[in-house]
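Keep the sequence and the model open side by side. The text below walks from one contact to the next.

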Amino acid sequence: MARDVFAHRLPTGDSQPVTDLIRVTALSLALTLSAGPAMADPDPADWNAVLEEARGQTVYWNAWGGSTQINAYIGWVGEELEERHGVRLVHVKLEDTANAVTTVVAEKTAGRDEGGSIDLIWINGENFASMKRQGLLFAPDWATKLPNWRYVDVENKPTITVDFTLPTDGLESPWGMAKLVFFYDSARTDAADLPDNAADLLVWAKANPGRFSYPQPPDFIGSSFLKQILIETVADPAVLQKPVDEASFETVTQPMFDYLDRLHPHLWRSARAFPKDYPSMSQLLADGELDITFAFNPAEASSAIANQLLPDTVRSFTFSGGTLANTHFVAIPFNANAKAGALVVANFLISPEAQARKQDPEVWGDPTVLAMDKLSAPQRKLFEALDLGIATLLPDELGPALDEPHPTWMSRLEERWSARYAVGN
């Protein structure tokens, strides 16, 4: 993703004076540029100026690339942005968002305060916390100044303004909701036998050896499973809303690890291997190797059925006591090369049109961050016309939303899990 301004190759020859002239001219231009004032950052409050500056820019969006449906949706976003605003979107596919954070940290350390290689990051949780703590994010409160922010449901979706216990301060813009939901194939498993909490899941796994597993942390879905079990087994869940206290970490987490010690002998391949990620785990359900899987999207099963990735007998269920829930965002690094273009992308992602398309299970099925009562009648019809699919639970069937622990818990859980259980898949 190198972006060299002077990338054109000049013809070579025998003329040393010409070579010297080129060097002197380049040096003079570099000095002139360095002496001049830096270009002011775009202000989303002046949206026409943002659109004008964004036209012709290329936005490098670092985002997880493990889903064919999500990749296709991001491709559609790029097509719309180029046609409407002249902004080119490049999806830089990641396996782990932490890699993008590491890149921005390295650029700051090297003094690269402008012209960074990353313009937008799909982010939340500990990665947002890390970037916020290190001052790696574009100006505060830009998200709330986006024109389409007026549609966002900040009143009824608290995780839009609080990300894993941390205030977002307008440093990231929401574009989707997430809640842990489980899936099963009704052709093989009776709904009456499904577990209703972590304790039930352990009993079920013992009665159905090899028919359940979870992705190996630090995969996000696998780490989310750890947090779900932690919340259900910890003596006082309130302690998880604060940063990890190293003095009490072992005591607080011991019930969770005791639970995993009892669960693992009954997992797929007796926990000698774990699925790499959610798509790998979902394929095991499709192949009949697993009977229960899970994801962070209530419409994931319906979307997979619509895309012929799962049989049409798959259905969803959840725990009546609640499951983990959060919001996912996009953030702009402090040194992004195309800040105006990134703002245009973020604004389009929370448009009613883009949100409705994203919530369509045949496209992705990701729940919206918008409030229906803030939309016009034609905009609401975009959502009302959606068939959410035969495997999608209704909102009142999803159960309570459990708060994400403070971001420091995830990294410590992953470290401790790896030391205790990690295997080479």
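Start at Asp261. Leaving out residues up to four places away in sequence, Asp261 touches Arg420 and Tyr421; contact means heavy atoms within 4.5 Å. The side chains of Asp261 and Arg420 also make a polar contact of 2.5 Å. A polar contact is a pair of N or O atoms within 3.5 Å; within protein, one must be able to donate a hydrogen and the other to accept it, and residues adjacent in sequence count only if both atoms are side-chain atoms. Asp261 and Tyr421 are 160 residues apart along the chain, yet their C-alpha atoms are separated by 9.3 Å.

A word on the ground rules. This is a predicted model, in which local features need pLDDT of at least 70 and side-chain atom pairs count only at pLDDT 80 or more, while totals for chains, interfaces and linings use all residues. Residues are numbered from 1 along each chain as its sequence is written, and side-chain values use heavy atoms, with hydrogens and water left out.

Asp261 sits in helix H8 (residues 249-263). Helices (H or I, at least four residues) and strands (E, at least two) are DSSP runs, numbered from the N terminus. Asp261 has a relative accessible area of 34%, so it is partly exposed. Buried means under 20% relative accessible area, exposed over 50%, and partly exposed in between (1.4 Å probe, protein chains only).

Now look at the rings. Rings of Phe, Tyr and Trp (its six-membered ring) pair if their centres lie within 6.5 Å; planes under 30 degrees apart count as stacked, over 60 as edge-to-face and the rest as tilted. The count comes to 22 aromatic pairs. Tyr184 and Phe317 form one that is edge-to-face, at 5.9 Å centre to centre and 70 degrees between the planes. Tyr184 lies in strand S7 (residues 181-185) and Phe317 in strand S9 (residues 314-317), so this pair ties together parts that are 133 residues apart in sequence. Tyr184 counts as buried because its relative accessibility is 8%. Phe317 is also buried, at 8%.

Phe274 and Trp417 make another pair: their ring centres are 5.2 Å apart and their planes stand at 70 degrees, so it is edge-to-face. Phe274 lies in the loop between H8 and helix H9 (278-286), and Trp417 in helix H14 (residues 407-421), so the pair joins parts 143 residues apart in sequence. Both Phe274 and Trp417 are buried. Ring pairs link a cluster that includes Tyr184, Phe274, Phe317, Trp417 and Tyr421. Tyr421 brings us back to Asp261, which touches it.

Turn next to Lys157. It lies in the loop between helix H5 (125-133) and S4. A polar contact of 3.0 Å joins its side chain to that of Asp153. Beyond four places in sequence, Lys157 touches Met177, Thr368, Val369 and Leu370.

Finish with the backbone. Most residues other than glycine have a negative phi, and most peptide bonds are trans. Where are the exceptions? The peptide bond from Pro217 to Pro218 is cis, with omega near 15 degrees. Pro218 is in the loop between helix H6 (198-207) and helix H7 (220-233). Arg269, not a glycine, has a positive phi of about 55 degrees, and lies in the loop between H8 and H9. Gln308 has a positive phi of about 60 degrees. Gln308 is in the loop between helix H10 (300-306) and S9. With a relative accessible area of 74%, Gln308 is exposed.
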